[in-house]
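Take a look at the fold below.

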Amino acid sequence: MSTPMRHGPSQQGRTPSQHPVAAPTPQASTPFSNPQTAAAFSPHGPRSSPQQFKKSPATGTMTGANTNAAANFDSPSVTAAYNTLGINVNMNELNLDNISVGGLVAATRLNDEEDRKKRMEAVIAALWAQNSSRVSNQGLERLAIHLGLECLWEDVKGAGDNAKTLIIAGQTMAVEVGITNHIVHQASLVYTESMPILEKHADKASAILLKDLSLAPGQSPLTKRLTQFRANLERLATLDKLSVSPGFNCHEAIAGIWESLERLHRWDVDKLRSEDRTLANMPDERLRVFALCLRNGCPLMHTRGRIGLSLDYWKERRKLPSTTVETDDTKTWGILIECASAGGMAYSPVRVSERWISLDIERAHTEDMMGTTVPFLDWLEPPSTFLPSSEEAKTENGLDGLSGPKTPDVVFMATFDPPVVVTHAVAMEIYKISGTNTGLTNITFDALMFPIPEGSPYDPSEPREFTFTQTIPTFPANSTEPVLKAHRNRLFIYKPVYGQVINHIPFAHPKDLITMLPLLRQYAFLSLLLNNMFRPKEGKPTAKVADEENNKQPLTQKDEFEQFMSGEKIEDKLASKGILKLDVTLTAHPVPRLLLVFPFDGRTANILVEIQIGGRVAIISENVLDAKSAMIDPDQTAAKRTLWANKLETLEDIGAWIELIKIQLEVE
């Protein structure tokens with residue numbers, strides 16, 4: 001049985017223009033010679049029914065019955081156009097016969113969208129890096145979303161139309177912010193799980209967050225920024241993302257370290273009171289400062305406007321009665337204890353425990369060689385913390401994996417605040433304590449302590465020197481007002497040694513941090529002495545002569561030669577201006593030492609000061625303390641050196657210390 005055939009449409013009744021006209025010559029192959037591509041390039045659109053070709057909204061390509069039809073670009077007109085533009089292209093070599101025009105358009109648009117997306121992401125990252133967002137409803141919400149936290153707005157009934165509460169929530173914690181007309185009046189930190197070890201610190205954290213968002217007296221809402229609040233919220237968000245709920249909480253892990261270090265700190269305070277009779281009647285706050293700087297540090301949770309745990313180990317003006325552990329107007333050196341992703345590091349994971357040290361704190365240990373009993377800290381090793389099992393951890397057969405329980409891919413991270421500049425040998429010792437490897441650097445210790453000005457010639461193997469005129473307030477006899485004096489300090493480094501800046505170190509046990517403290521104090525105090533001598537002090541009055549000297553242009557070789565040929569001594573020239581010339585030679589290895597040379601009683605004084613482990617000062621040699629004595633008693637000399645070393649520890653300023661020496665020991 002034959003199939004009915006469909007005849008073409010009748011040609012009757014059509015106008016001549018509707019009949020196809022035969023071409024007198026063979027038609028050239030052009031993009032328009034193909035019926036499918038002609039529909040794409042024709043300004044009148046496709047000639048067939050609308051259902052035959054459909055335009056995809058995603059790619060803009062033409063789809064239909066013959067979407068794979070190729071576009072032939074061997075037209076003479078196309079070749080002429082390329083030649084007109086000066087482009088010598090062999091169309092056969094391009095191999096464009098089987099490339100769809102729609103594919104070319106789609107690929108071009110896709111690349112444009114990707115480039116546009118990358119540029120937009122770069123702009124957004126640059127805006128976030130400016131850290132200039134202001135406190136507002138939209139600003140708080142954008143910040144929370146940027147950090148990967150959830151946001152929930154709630155209206156406060158009976159408090160007005162614009163009174164709202166923003167809940168910024170993670171899996172282990174939430175921050176509740178009360179805001180009305182873009183002005184914050186309440187902020188609090190809450191934890192999803194009720195834990196006394198965390199809740200005891202929640203009020204301090206809430207007070208810090210509220211201070212970050214509240215307006216200062218007389219401050220306009222247009223000038224209140226999210227800078228401090230963002231930094232604290234980032235720390236909370238980091239710990240929240242590293243936690244696994246339920247079962248593993250980074251906030252709890254850090255709070256457990258605080259519990260152990262706090263017990264150790266209270267034990268240090270009791271030891272100082274019982275072992276040293278001179279400290280028996282001192283208040284606990286003063287003893288806490290001594291324990292902070294002399295023993296095992298002081299752990300502080302949520303302090304100095306920063307959320308988190310800090311183990312403070314050094315403090316400026318530590319020997320003054322007005323200094324406390326919570327003092328904000330003095331510089332403090334501390335170790336910020338945080339959690340970080342292991343990132344493939346072969347390191348001990350985080351353990352959640354409050355028992356890092358025994359309740360008795362110390363135990364006696366008998367030495368085999370000497371037979372003496374020496375007490376030492378009784379550190380404990382808490383058990384490992386394992387993540388809770390989940391369905392994702394099972395195999396396809398429904399059986400648990402053969403690897404066993406999994407530990408968190410998180411490590412404890414110590415962040416030094418501020419970063420500590422040490423020699424390479426000391427850095428190796430610190431990294432050895434924490435079990436971390438470090439590489440060599442090609443930067444010297446002095447270049448890290450005092451960076452080389454941009455454009456200045458510098459050779460690490462050559463000696464270095466630079467000068468700064470310092471202002472020293474002195475209190476002469478029978479005078480209640482300070483007298484400002486100028487010191488022209490010149491630092492010499494004859495034997496440069498390589499150094500490193502210690503910023504972050506992973507650690508497995510808090511005892512590693514306690515072991516580092518003596519070395520850290522040594523270089524913290526050294527940096528304090530050098531900065532007080534060779535850097536301007538903000539907010540302090542300066543002598544006019546000192547400002548003039550510091551604003552002078554450096555001497556050229558020609559100026560130095562003319563000054564040498566004139567025969568005029570620099571000391572006499574400076575003395576005529578009331579400036580004391582002080583030369584300091586820094587030796588960083590093996591132990592930091594400062595050789596001080598200055599005019600004293602008509603001659604040249606030399607004092608060699610050593611900064612020992614623990615930040616203690618020792619006078620190795622000098623020629624000023626026994627200048628008036630005909631007979632020198634070694635015991636008295638040692639006692640005098642200890643006395644003046646303690647005075648330098650109290651003053652923390654070599655310039656002021658030298659002025660005190662000149663006032664008390666120089667012959668009138």
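**A four-stranded sheet**

Four strands make an open sheet in the order E3-E4-E5-E6, and their pairing is antiparallel. The edges belong to strand E3 (150–155) and strand E6 (183–191), each of which pairs on one side only. From one strand to the next, the twist averages 20 degrees. Keep in mind that this is a predicted model.

What holds such strands together in general? Strands of a sheet pair through backbone hydrogen bonds, either parallel or antiparallel.

Now find E3 and its partner, strand E4 (residues 163–169). Six bridges join these antiparallel strands.

Helices come next. Helix H7 (residues 202–213) packs on the sheet and touches strand E5 (173–180) and E6. The direction of H7 makes about 155 degrees with that of E6. Helix H8 (residues 227–242) lies across E4, E5 and E6. H8 runs at about 150 degrees to E5.

**A closer look at H8**

How far does H8 reach from its first C-alpha to its last? The span is 23 Å for 16 residues, close to the 22 Å expected at 1.5 Å a residue.

Which residues of H8 are buried? They are Phe229, Arg230, Asn232, Leu233, Leu236, Ala237, Leu239, Asp240 and Leu242. Here is a rule to hold beside that list. An α-helix has 3.6 residues a turn, so residues three or four places apart point the same way.

**A six-stranded sheet**

Six strands form another open sheet, ordered E13-E14-E16-E17-E18-E19, with mixed pairing. Strand E13 (464–474) and strand E19 (617–622) are at its edges. Each has a single partner strand, so one side of each is left without a neighbour in the sheet. On average, neighbouring strands here are turned by 25 degrees against each other, direction ignored.

Look inside this sheet for strand E16 (residues 579–587) and strand E17 (residues 593–600). They run antiparallel, and five bridges join them. Thr585, for example, has Leu595 in E17 as its bridge partner.

Helices pack here as well. Helix H17 (residues 634–651) packs on the sheet, where it touches strand E18 (603–611) and E19. The direction of H17 makes about 130 degrees with that of E19. Helix H18 (residues 654–665) lies across E13, strand E14 (483–493), E16, E17, E18 and E19. H18 runs at about 40 degrees to E17.

Definitions and conventions. Residues are numbered from 1 along each chain as its sequence is written. This is a predicted model: local features need pLDDT of at least 70, side-chain atom pairs count only at pLDDT 80 or more; totals for chains, interfaces and linings use all residues. Side-chain values use heavy atoms; hydrogens and water are left out. Two strands pair if DSSP finds at least two bridges between them. Helices (H or I, at least four residues) and strands (E, at least two) are DSSP runs, numbered from the N terminus. Axes are lines fitted to C-alpha atoms, for helices over the stretch in contact, and angles run from 0 to 180 degrees between N-to-C directions. Contact means heavy atoms within 4.5 Å. The expected span of a helix is 1.5 Å times one less than its number of residues. Buried means under 20% relative accessible area, exposed over 50%, partly exposed in between (1.4 Å probe, protein chains only).
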